[in-house]
Amino acid sequence: MPSKPGVFSSGHLDLYITALPLAPNFERDFTWLYGSKPRPFRLRVAGSEKITTKAGSFDTYVVELTPRDGMKELQSVYYVQKSAPHIIVRKKYVVFPESRSAIAWIRGGWHVILGYVIGFFVLLVTLGWHP
């Protein structure tokens with residue numbers, strides 16, 4: 001499927017980010033093909049940070065990708081080297097932020113746990129125990 005200008009598939013997103021003229025307060029809206037559905041995103045340079053990895057230390061821009069359609073689980077942060085070549089030093093994906101706290105996850109999904117427990121006992125009473 002040919003892409004429109006400003007529409008990127010997952011494989012091309014890293015190349016797109018490293019080719020941008022990143023600078024403090026830089027922002028750009030674009031569309032990312034996530035699966036087969038186009039999703040609107042905002043790319044923003046949120047600041048800079050010195051990152052140390054096994055490969056060395058790098059001065060980087062902190063680049064935030066935020067979905068504009070409200071899908072929090074697609075948020076991500078890229079750390080892109082300031083000097084050329086503008087390589088991506090680190091990526092962080094914010095996958096289901098609620099899952100960082102087990103208590104918050106249980107609080108938010110208590111009805112699922114309750115459903116499994118009730119279902120188990122209904123099957124136990126109906127079918128009996130046959131180990």
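Q: What makes the meeting of the Asp29 and Arg68 side chains a salt bridge?
A: The N to O distance between Asp29 and Arg68 is 3.9 Å. A salt bridge is a side-chain nitrogen of Lys or Arg within 4 Å of a carboxyl oxygen of Asp or Glu, so the pair qualifies with its 3.9 Å. Asp29 in strand S2 and Arg68 in the loop between S4 and S5 are 39 residues apart, and the pair links these distant parts of the chain. Elements here are DSSP runs, numbered from the N terminus: helices are H or I with at least four residues, strands are E with at least two.

Q: Where do these values come from?
A: This is a predicted model, in which local features need pLDDT of at least 70 and side-chain atom pairs count only at pLDDT 80 or more, while totals for chains, interfaces and linings use all residues. Residues are numbered from 1 along each chain as its sequence is written, and side-chain values use heavy atoms, leaving out hydrogens and water.

Q: Why are Asp29, Arg42 and Arg68 called partly exposed?
A: Buried means under 20% relative accessible area, exposed means over 50%, and partly exposed lies in between (1.4 Å probe, protein chains only). Asp29 has 37%, Arg42 has 33% and Arg68 has 44%, so each belongs in the in-between class.

Q: How do you know which class Asp59 and Lys50 each belong to?
A: Asp59 has 44% relative accessibility, so it counts as partly exposed. Lys50 has 54% and is therefore exposed. The two form a salt bridge, with the closest N and O atoms 3.8 Å apart.

Q: What makes S3 and S4 a strand pair?
A: Pairing asks that DSSP find at least two bridges between two strands. Strand S3 (residues 37–53) and strand S4 (residues 56–67) have 12 and run antiparallel, so they pass. Glu64 in S4 is the bridge partner of Arg44, and a hairpin of 2 residues joins S3 to S4.

Q: How do you know that S4 and S5 pair?
A: There are 6 bridges between S4 and strand S5 (residues 75–81), again antiparallel. Thr60 stands opposite Gln81 in S5.

Q: What makes a nonpolar core, and how many residues has the largest?
A: A core is a set of buried Ala, Val, Leu, Ile, Met, Phe, Trp, Tyr and Cys residues joined through side-chain atoms within 4.5 Å. The largest has 18 residues, and Leu13, Leu22, Phe30, Leu43, Val63 and Leu65 have the most contacts inside it. Helix H1 (10–19), strand S2 (27–34), S3, S4 and S5 each give two or more residues to this core. A second, separate core of 6 residues includes Ile51, Phe58, Val77 and Val89. In soluble globular proteins, nonpolar side chains tend to be buried together.

Q: How do you know which class Phe121 of helix H3 falls in?
A: With 46% relative accessibility, Phe121 counts as partly exposed. Ile106, Ile113, Val117, Phe120, Phe121 and Trp129 form a nonpolar patch on the surface, with about 610 Å² of accessible area together. Helix H3 (residues 110–127) gives the largest share, 4 residues. Patch members have over 30% relative accessible area and no salt bridge; like charges are joined within 9 Å, nonpolar side chains (Val, Leu, Ile, Met, Phe, Trp, Tyr) within 5 Å. Areas come from the Shrake-Rupley method with a 1.4 Å probe, and for residues only the protein chains shown count as cover.

Q: What makes Asn25 count as exposed?
A: Its relative accessible area is 70%, so Asn25 is exposed. Asn25 sits in the loop between H1 and S2.
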